[in-house]
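I wrote down each term with its cut-offs where I needed it.

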Amino acid sequence: MSANAQRLHIAYGSESGNAQTLAQRLAQQPLWQGQVDPAIELNALSLTAWQQGDLLVIISSSFGDGEPPANAAFFLAQVLQSDDLTGLRYALFGLGDTGYPQFCGFTKQLDAALQARGAQAVIPRVDADTDYEDFFTQWTAGLEQLWLGHGDVAAHMLLRVEAYGEDKAFAAPIIARQCLSTLAPGGDATDCAAHHIRLDVRGSGMAWRAGDTLHVLAKNGRPLLDAIAQWLGQPQAVVALEAKELRLISKAVLRGVASATGHAGLKDLLKFSQRKQLEQYLYGADILDVLQDFASPEQVRLDDLLQWLSPRLPRAYSIASPASSDYLDLCIRAVHHQRNGRQRHGMATHWLLHTQEPVQVYCRSNPGFHLPKDPQVPLVLIGTGTGIAPLLGLLREMQMKGQRRKVCLIFGEKTSNHDFLYRDELLALQASGVIEHLWTAFSRDGGAKYYVQHAMADHGQELRDYLERNAHVYICGNKAHLEKAVAHAFNGLYVLATSDGESGCSAADEPCEMGDCWTSLQAQARIHLELY
């Protein structure tokens with residue numbers, strides 16, 4: 001038995017069951033068997049239940065936006081009503097979600113209340129996000145070292161995810177920009193369509209895992225701000241509209257313009273029956289287009305725009321990096337076109353490609369696109385264009401963890417010579433065994449158009465083998481075409497199977513009916529979509 005701890009008391013506060021599960025796992029650790037009580041709810045714990053030298057271990061989530069779980073609220077009240085807790089030694093593992101402003105709010109409050117009353121934290125408080133397993137493993141090892149009498153190791157352990165958001169973004173310098181493709185043979189660097197962007201996030205404490213999204217707070221371009229100010233005849237509009245959303249135009253903004261101008265054409269366009277026409281009009285449009293098409297400077301003033309327009313919205317990009325590394329990679333496509341005599345660029349992509357300033361960013365969890373917990377589950381990865389980004393992130397994470405799943409990657413783009421994004425890295429991943437099969441579909445390499453659904457049909461037997469092994473399917477690309485085409489291709493596997501004399505698609509527990517293979521995969525939560 002350690003000279004530093006006589007007995008271990010483990011208590012939890014839990015809403016969804018994660019904290020309870022971790023507490024019960026901790027209680028089963030062989031090292032302290034015989035000196036540990038069964039894990040109990042925090043509300044069942046008395047502040048006078050232990051002797052000098054005992055150690056209280058608390059594992060708790062926060063409910064909602066930083067509130068205590070129902071089975072922990074009474075314990076917090078006990079602490080707050082206590083005058084002196086000198087001699088109490090504790091370790092606190094907090095679970096939270098950085099999507100909430102008060103990330104780990106309850107455990108932060110509890111930690112502060114305990115210390116204010118003289119209790120001693122033998123390990124610094126842990127603030128863990130939804131991807132908490134790595135932190136829990138490290139923290140458990142620290143507890144074991146403490147139990148064995150090596151308290152210095154645990155005392156210097158700092159496991160805390162920093163919560164970022166729109167109001168608290170991280171300023172990440174761009175340290176690499178690389179052209180991945182060109183628009184046409186012979187094009188120069190300015191014609192580059194797809195780009196690799198690397199951001200430096202060292203020291204940020206930012207947490208993510210492959211499949212998550214990065215939100216970018218890009219700035220509005222000065223040419224658009226100048227043009228709006230000129231149309232209004234109000235130079236102050238340049239500064240006043242900097243933080244407003246000028247590209248993604250909501251119906252509320254259009255209704256404001258229609259109300260101010262009485263423009264019959266705009267009112268007609270806002271009718272439910274004209275929703276497709278409105279969608280077509282807004283594609284690639286900005287607020288200046290709306291003003292030029294439906295208003296005059298006498299009808300709409302700067303104060304009106306400030307009232308109608310929402311704050312500038314973040315742009316989300318799939319992360320192409322493995323979990324919480326020092327660098328964060330994106331794959332983006334340059335957007336540019338002409339409309340109403342003006343050259344247009346994608347707001348965020350143009351900013352990322354040209355700014356010399358650090359970029360304000362924060363991450364958000366996307367658990368529906370994470371790797372399956374079972375490292376033996378095979379994967380079918382299907383991506384088109386810059387949709388390769390999150391799939392590359394999954395592959396890099398598997399490589400980092402040393403996983404050897406059965407993986408096939410189907411990648412589609414226009415031409416093999418100019419659009420095979422991350423070609424060298426993907427071939428290297430195949431050579432090292434991270435990817436078992438790499439199938440490509442380049443639609444404009446000559447002859448008949450060839451898309452990912454055609455590659456799927458050509459490799460139908462291999463794909464059926466993957467499905468028979470309960471493979472999960474990850475799909476990323478253009479939402480206008482990809483999901484429907486891939487769904488039809490998976491349903492076609494059933495047709496191929498029956499033509500070979502088999503009973504049906506083996507993706508489900510029971511043979512699929514005609515056209516139901518995709519539905520069966522969805523019902524089993526084996527389809528993971530990231531469409532844009």
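I began with Lys 251, which lies in helix α8; helices (H or I, at least four residues) and strands (E, at least two) are DSSP runs, numbered from the N terminus. This is a predicted model, in which local features need pLDDT of at least 70, side-chain atom pairs count only at pLDDT 80 or more, and totals for chains, interfaces and linings use all residues. Residues are numbered from 1 along each chain as its sequence is written, and side-chain values use heavy atoms, with hydrogens and water left out.

Next I looked up the exposure of Lys 251, and found it partly exposed, with a relative accessible area of 36%; buried means under 20%, exposed over 50%, and partly exposed in between, using a 1.4 Å probe and protein chains only.

Then I asked which residues gather with it in a patch of positive charge on the surface. I noted Lys 251, Arg 255, Arg 275 and Lys 276, while α8 (251-261) and α10 (275-282) each supply at least two residues of this patch. Patches are made of residues with over 30% relative accessible area and no salt bridge, and like charges are joined within 9 Å; a salt bridge is a side-chain nitrogen of Lys or Arg within 4 Å of a carboxyl oxygen of Asp or Glu.

Last, I turned to the whole protein, which has 20 helices and 20 strands. Its C-alpha trace spans about 80 × 70 × 45 Å along its principal axes, and buried residues make up 52% of its 532 residues.

Key: Patches are made of residues with over 30% relative accessible area and no salt bridge: like charges are joined within 9 Å, nonpolar side chains (Val, Leu, Ile, Met, Phe, Trp, Tyr) within 5 Å. Accessible areas come from the Shrake-Rupley method with a 1.4 Å probe; for residues, only the protein chains shown count as cover. Lys and Arg count as positive and Asp and Glu as negative; His and the chain ends are not counted. The place of a charge is taken as NZ of Lys, CZ of Arg, CG of Asp or CD of Glu.
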